[in-house]
Amino acid sequence: MLEEVLVTVRDNPGIDPSLSVWHWEIPAYLFLGGLTAGILLFASLIVLLGREKDFPFVSRRLPIWAFVALSLGMLALFLDLSHKFYVWRFYTTFQVSSPMSWGSWILLLVYPVIILLTACTLREGYPALGRLVDRFRAGHAGINFACRHRVLVAQWGLILAVFLGFYTGILLSAFSARPFWNTGFLAPLFLVSGMSAAAALVLLGTRSEHERHMFTRIDIVLIAIKLSLIALLLVNLATGSRVQIEASQMVFGGEFAIPFWVFLVIPGLMIPLILEYWELKGTRRAWMLVSPVLVLYGSYMLRQLTVDMGQASSYISYVNAFDPALLELLR
Amino acid sequence: MKVYAMVIDTNLCIGCGDCVVACKTENKLPAGLNRDWVVEATRGRYPDLTTEFRSERCNHCTHATCVHACPTGATYTWQNSNIVLVEPSKCTGCKACIAACPYDARLIMTPDGYIDKCTFCHHRVEKGQDPACVSACPTHCMHFGLLSDAQSTVSRLLATRPHKALLEETGNEPQVYYLT
């Protein structure tokens with residue numbers, strides 16, 4: 001038996017009694033970053049395959065949502081910073097060993113690619129916005145430039161989408177100090193989850209029957225891959241070191257068992273998988289808007305629970321008996 | 001590279017917490033924030049129990065994952081040594097270093113928001129003095145010095161006494177040692 005008790009006061013906010021420095025902002029940033037990666041990947045792929053006419057929503061109206069998602073994600077990241085005035089410091093250096101530094105520079109590269117990809121879709125996808133931009137000489141030239149180099153932009157878009165999607169997982173998996181995160185499965189899981197979220201967005205926005213059918217099929221495959229990767233991640237942890245086994249136990253009867261199974265796996269993965277299968281079979285069409293909403297919810301919940309469980313998993317297990325209320329008595 | 005180490009004799013430590021008070025006073029830490037702390041570890045089964053007190057802090061690892069995780073270079077090592085410091089004017093408060101530390105030895109400075117930690121009192125070390133916690137210890141169970149100097153007290157203690165470091169399995173190469 002080993003019992004380790006703190007005998008002096010330790011009540012560092014966010015650190016004690018257990019690590020809780022990242023709340024909703026980082027999960028939101030990871031979700032929106034993954035969604036951006038998924039949108040960029042599909043939009044670029046359609047251009048490169050020359051299938052714009054078959055997929056009108058993806059080719060004309062989807063790219064602008066990557067801009068919206070990434071901007072909101074950056075805002076969430078900014079809100080998380082506890083020393084906000086120094087945010088510009090991200091761009092005064094490149095730290096090769098820091099995934100967060102890689103991420104900040106990848107985001108800087110992703111922005112112009114998204115803007116160029118979006119610019120070429122404005123005239124057809126958002127005519128009012130397209131006309132507004134066209135009124136300005138620079139805007140008009142910009143749209144023409146983007147359309148002339150559409151294939152090159154899509155090539156860059158495809159590469160950066162994969163980098164961005166993987167990065168959102170590597171950001172967490174690189175933290176060897178947090179056993180739940182320290183697995184190579186997080187990167188492909190977050191990339192696939194981002195693609196699934198983007199596919200769900202297409203299902204919510206498209207009015208083309210062919211596009212809906214194709215993206216329902218794509219999403220079913222992506223959800224199945226997500227479930228497989230989650231299973232592999234848990235097997236990886238459950239057969240790992242002592243701290244990883246303890247981390248995996250959080251979802252098998254531990255404090256995160258109910259949130260993980262009841263609020264993530266069942267409503268965010270299993271139910272949309274069944275609903276989309278029914279949709280594909282042509283039954284229960286009234287549910288066709290429910291499944292993409294659940295997929296988007298599941299994609300966010302996956303990040304939220306992953307961030308929470310990673311912070312709850314640790315190498316140390318002190319019993320911290322300090323009651324912060326006692327400090328008030330001294331004041 | 002100069003390797004500074006702290007060596008703490010758990011047979012002499014009585015868990016009084018003077019090291020914690022000395023640190024807070026020397027470094028003017030706000031109420032509620034601590035750069036060091038004392039753990040009482042009890043091992044065995046009643047009535048065969050052994051207890052040790054450990055004064056803990058940042059381990060100033062020679063393979064510090066917090067330094068690698070920092071995206072802005074705000075976390076750095078001092079003067080080609082293993083002493084890990086934070087430069088507040090470069091810190092964004094992203095908290096990557098906090099997540100990267102297996103010892104949970106970092107803290108968020110209030111109200112400013114930058115990340116703070118034990119500095120091994122480098123401002124005293126550069127004057128040839130010991131860190132405040134070492135100087136204040138009433139049982140003289142704490143020692144500080146250069147591990148890269150074979151004649152230093154810390155080198156001789158580690159050469160002659162059984163010892164351990166915390167969480168060596170993480171590969172961080174911690175430089176706070178406990179004589180057992």
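Visitor: In this predicted model, are H1(A) and H8(A) roughly parallel or roughly antiparallel to each other?
Guide: Helix H1 of chain A spans residues 25-49, and helix H8 of chain A spans residues 150-173. Their axes come within 8 Å and cross at roughly 150°. Angles over 145 degrees count as roughly antiparallel. H1(A) and H8(A) are therefore roughly antiparallel.

Visitor: Is the crossing of H1(A) and H8(A) left-handed or right-handed?
Guide: The axes cross at roughly 150°. The hand of the H1(A) and H8(A) crossing is left-handed.

Visitor: How many residues of the contact of H1(A) with H8(A) are nonpolar?
Guide: From H1(A) come residues including Leu30(A), Gly33(A), Ala37(A) and Leu41(A). H8(A) answers with residues including Val151(A), Ala154(A), Leu158(A) and Gly165(A). In this contact 1 residue is charged and 8 are polar, while the nonpolar ones number 15.

Visitor: Which element gives the most to the side of chain A that touches chain B?
Guide: Chain A puts 40 residues in contact with 46 residues of chain B. On the chain A side, strand E1 (2-6) and helix H4 (99-119) each supply at least two residues. By class, that side has 22 nonpolar, 12 polar and 6 charged residues. The element that gives the most, with 5 residues, is E1(A).

How values were computed. Residues are numbered from 1 along each chain as its sequence is written. Chains are lettered from A and ligands numbered from 1 in the order in which they are written. This is a predicted model: local features need pLDDT of at least 70, side-chain atom pairs count only at pLDDT 80 or more; totals for chains, interfaces and linings use all residues. Axes are lines fitted to C-alpha atoms, for helices over the stretch in contact, and angles run from 0 to 180 degrees between N-to-C directions. Helices (H or I, at least four residues) and strands (E, at least two) are DSSP runs, numbered from the N terminus. Angles under 35 degrees count as roughly parallel, over 145 as roughly antiparallel, 65 to 115 as roughly perpendicular and the rest as oblique. A crossing is left-handed if the near helix is turned anticlockwise from the far one by less than a right angle, and right-handed if clockwise. Two residues are in contact if their C-beta atoms, placed from the backbone, lie within 7 Å. Ala, Val, Leu, Ile, Met, Phe, Trp, Tyr, Cys and Pro count as nonpolar, Asp, Glu, Lys and Arg as charged, and the others, Gly among them, as polar.
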